[in-house]
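Welcome, and please take a moment to look over the model below.

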Amino acid sequence: MAAAMLYEPAQFEPLIDEPWAPARVEDSIAAIVADADAAFDPDALWPAEEWDGREEPLPLKSFYVGAAGVIWALDALRRNGHAESSLDLAAAALHTLKLKRAAPDFTADEHYHPGSLFCGETGPLLVAFRLTSDPALVDDLHSLVRANVHNPTDDINWGAPGTLLAAVAMGEWTREPRWEEAARETATALRGRRGDDGLWRQDDDYRGVGTLHGAAGNTLALLRFEPDDALASETAGVLSRHAFRQGGLANWPGSPRPQLARPRDGRICLQWCTGAPGVLAGAWDYLDEDLLLAAAELIWHAGAHSDEKGHGLCHGTSGNGFALLKAFARTGDERWLERARRFAVHALAQAERIAAANGRRHYSLFTGDVGTALFAAACLDADARYPIIEALLEPAKNAQKRGL
């Protein structure tokens, strides 16, 4: 069928036939939190999966796959009223920051910068400040944001777009004018580096279109700082030009240049970090609606990721499900909320199945169980904000939901 040209069907599995039951979902979220509490070690933090750790110094500390992300998720679930961690999260956040400074992870990556939101020191600093309000942390975080302004890797993961989000968050938390200044300096530099083709450079000659590594994410960061209808319209045009369409469905490559796509063998992916789920996560509120719905239909058509990719946010079932929440946020059509909830039911069951096979759960925000718990909670609350990039500030129950 035509859809098979837009993704790899062998990488997906049918959704389980289990009804959405809020009480059961809440129980599953509570079980994930209780397990994370039990697995925590005050010195070693959480066990690391082989893929997450690779050759990094343990324990892992980052937002992306380390302790800072797990702590942020546990705090977010507490703030949203879904589950109460028994841990001293503030103490855990400060210890994570101390360990990050003593033995930074991800430094072997060619794009590493300590200001990186997801992999550098910025994430642990943000979590530590959020949980302690310690003014001693503010100067350090401000220095990291300023130092990252001219980072040549323009994506949310490593570069200035990520620290722009951090500056916006710190401005709302502290009300200090210097964060407005830092955010404006960052936004001005980021706009200046945008290419004539409407894309930004990540590495070598790579020009990404998605949210983690590309135009949708960079535009999201700029719009979080300052609304700009012209910028939104320009990026919508870029995304429309580079979409692959077949049979009323749509997807995107990592980059318009196939030889530079991630993964680098040129395959087209269907996940948050590369493909339609990520584009919808970043551009849902300004993307051409017909194109958004075509991409959402492909995600629904494909079903859940198999256990090889898993249930997580970055490249798994939960990340794809968030795109369906975005379709609901854009259209108000309850069908998309129902479909997102089907994905959540599957992701929670998948997390249980994988944990049983491995003998333990997966302790990571973007690839593990707490990220799946956040997605399930988002489905309970009908809150389409994606973790960190949109939900870095107040939880939806205490703040106006944009678009809902």
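Before we set off, keep in mind that this is a predicted model.

The crossing of H1 past H15 is left-handed. On the H1 side, the contact is made by Pro 22, Val 25, Glu 26, Ile 29 and Ile 32. H15 brings Asp 369, Val 370, Ala 373, Ala 376, Ala 377 and Leu 380 to meet them. Sorted by class, this contact has nine nonpolar residues and two charged ones, with no polar residues.

Now move to a second pair, helix H13 (residues 317-331) and helix H14. The axes of these two come within 8 Å and cross at roughly 165 degrees, which makes H13 roughly antiparallel to H14. Here, too, the crossing is left-handed. From H13, the contact takes in Thr 317, Ser 318, Asn 320, Gly 321, Leu 324, Leu 325, Ala 327, Phe 328 and Thr 331. Facing them from H14 are Glu 334, Trp 336, Leu 337, Arg 339, Ala 340, Phe 343, His 346, Ala 347 and Gln 350. By class, the contact of H13 with H14 holds nine nonpolar, seven polar and two charged residues.

Next come two loops, each with a backbone detail to look for. In the loop between H1 and H2 you will find Leu 45. Leu 45 is not a glycine, yet its phi is positive, at about 60 degrees. Further along, the loop between H2 and helix H3 (67-79) holds Pro 59. The peptide bond leading from Leu 58 to Pro 59 is cis, and its omega is near 0 degrees.

With the helices and loops in view, we can turn to the spaces among the atoms. Rolling a probe the size of a water molecule over the atoms shows where empty space is left. Which residues lie nearest the centre of the largest pocket? They are Trp 51, Arg 54, Tyr 64, His 315 and Thr 367, out of a lining of 49 residues. H14 provides the largest share, six residues. The volume of the largest pocket is about 1200 Å³, and its lining divides into 17 nonpolar, 14 polar and 18 charged residues.

Finally, how many cavities of 30 Å³ or more does a search of the whole structure find? The search finds six. Let us visit the second largest cavity, which has about 80 Å³ of space. Ten residues line this cavity, and the closest to its centre are Glu 8, Gln 11, Cys 269, Leu 270 and Lys 309. The lining of the second largest cavity is made up of four nonpolar, three polar and three charged residues.

Note on methods: Residues are numbered from 1 along each chain as its sequence is written. This is a predicted model: local features need pLDDT of at least 70, side-chain atom pairs count only at pLDDT 80 or more; totals for chains, interfaces and linings use all residues. Side-chain values use heavy atoms; hydrogens and water are left out. On a 1 Å grid over the protein atoms alone, a cavity is a set of points where a 1.4 Å probe fits but cannot get out, and a pocket is an open set with protein on both sides within 12 Å along at least five of seven lines; lining residues have an atom within 4 Å of a point. Grid points are joined across faces, edges and corners, and a volume is the space filled by probe spheres set on the points. Ala, Val, Leu, Ile, Met, Phe, Trp, Tyr, Cys and Pro count as nonpolar, Asp, Glu, Lys and Arg as charged, and the others, Gly among them, as polar. Helices (H or I, at least four residues) and strands (E, at least two) are DSSP runs, numbered from the N terminus. A crossing is left-handed if the near helix is turned anticlockwise from the far one by less than a right angle, and right-handed if clockwise. Contact means heavy atoms within 4.5 Å. Axes are lines fitted to C-alpha atoms, for helices over the stretch in contact, and angles run from 0 to 180 degrees between N-to-C directions. Angles under 35 degrees count as roughly parallel, over 145 as roughly antiparallel, 65 to 115 as roughly perpendicular and the rest as oblique.
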